[in-house]
Amino acid sequence: MKEGKKVVLDCLAKTMVEMRDKEDLDDPDMAILASTFMIGGAETEELDLVVGRDHLPGIEDEQNLPYCHAIIKEVERVHNSFWLGTPHVASEDCVYREKYIPQETVLVLNTWTMHYDPTRHSNPETFDVCFI
C-alpha cells in the first residue's frame with residue numbers, strides 16, 4: 001500500500017469511479033446511477049415485507065404488492081417493446097366510431113397511441129407511478 005492510499009475492496013462506488021472516464025459519465029450521471037441503486041431497495045422492501053426471502057413471489061402475492069405492480073405496469077406503458085397489440089379477429093360484424101368492421105377482419109391495436117394519449121395520462125411522456 002502506498003503512503004496515504006487505502007486499499008478499497010470492490011464495491012459499487014469503486015466500480016463507478018473506475019468506469020467514469022471509460023463510460024463518459026459526468027456528475028449528474030454519477031448521481032443518478034448512485035440514487036438508482038438506493039431507490040431500487042424501495043421495491044425490494046415491499047417484497048421482503050409481503051413475500052419474505054424464503055421463496056419467489058407468485059401470482060397469489062400480486063394483490064398484496066401494489067407498489068411493485070404499479071412499477072411493472074408503468075414500465076410496460078412507457079417502455080412497451082411491442083407497440084402493436086396481438087392481432088385479433090372480429091367474431092361478428094360491428095361498427096366502431098362509425099366505421100363498419102366485417103366479421104373475420106383482423107384487428108391490431110396500436111398500443112402506443114393508447115399509452116401516450118394525453119386524455120388517458122396527464123403526462124404521457126413521464127414515468128409516473130400512481131397506484132392509488
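Buried means under 20% relative accessible area, exposed means over 50%, and partly exposed lies in between, with a 1.4 Å probe and protein chains only.

## Model and confidence

This is a predicted model, in which local features need pLDDT of at least 70, side-chain atom pairs count only at pLDDT 80 or more, and totals for chains, interfaces and linings use all residues. Residues are numbered from 1 along each chain as its sequence is written, and side-chain values use heavy atoms, with hydrogens and water left out.

The predictor's confidence in each residue is its pLDDT, on a scale from 0 to 100. The protein has a mean pLDDT of 83, with 89% of its residues at 70 or more. Confidence is lowest in helix α2 (residues 27-50), where the mean is 75, and highest in strand β3 (residues 99-101), at 97.

## Overall fold

Four helices and four strands make up the secondary structure of the protein. Both are DSSP runs numbered from the N terminus: helices are H or I with at least four residues, strands are E with at least two. Their order along the sequence is α-α-α-β-β-β-β-α.

Of the 132 residues, 17% count as buried. Leu33, in helix α2, is partly exposed at 32% relative accessibility. Leu33 and Ala13 are 20 residues apart in sequence, and their C-alpha atoms are 9.9 Å apart in space.

## Cysteines

Cys68 is buried, at a relative accessible area of 11%. Cys94 is partly exposed, at 31%. A disulfide is a pair of cysteine sulfur atoms within 2.5 Å, and a search of the whole structure finds zero of them.

## Aromatic pair

Rings of Phe, Tyr and Trp (its six-membered ring) pair if their centres lie within 6.5 Å; planes under 30 degrees apart count as stacked, over 60 as edge-to-face and the rest as tilted. By this rule the count is one aromatic pair. Trp112 and Tyr116 form that pair, which is stacked, with 4.9 Å centre to centre and 10 degrees between the planes.

The two partners fall in separate accessibility classes. Trp112 is partly exposed at 39% relative accessibility, whereas Tyr116 is buried at 12%.

## Positive phi in two loops

Most residues other than glycine have a negative phi. Asp24 is not a glycine, yet has a positive phi of about 55 degrees. Asp24 sits in the loop between α1 (12-19) and α2 and is exposed, with a relative accessible area of 66%.

Arg97, also not a glycine, has a positive phi of about 50 degrees. Arg97 belongs to the loop between β2 (94-96) and β3, and at 68% relative accessibility Arg97 is exposed.

## Second largest pocket

On a 1 Å grid over the protein atoms alone, a pocket is an open set of points with protein on both sides within 12 Å along at least five of seven lines, and lining residues have an atom within 4 Å of a point. Grid points are joined across faces, edges and corners, and a volume is the space filled by probe spheres set on the points. The second largest pocket has a volume of about 190 Å³.

Its lining consists of Tyr96, Arg97, Ile101, Leu107, Val108 and Leu109. By class, the lining has five nonpolar, no polar and one charged residues. Here Ala, Val, Leu, Ile, Met, Phe, Trp, Tyr, Cys and Pro count as nonpolar, Asp, Glu, Lys and Arg as charged, and the others, Gly among them, as polar.

Terms used. On a 1 Å grid over the protein atoms alone, a cavity is a set of points where a 1.4 Å probe fits but cannot get out, and a pocket is an open set with protein on both sides within 12 Å along at least five of seven lines; lining residues have an atom within 4 Å of a point.
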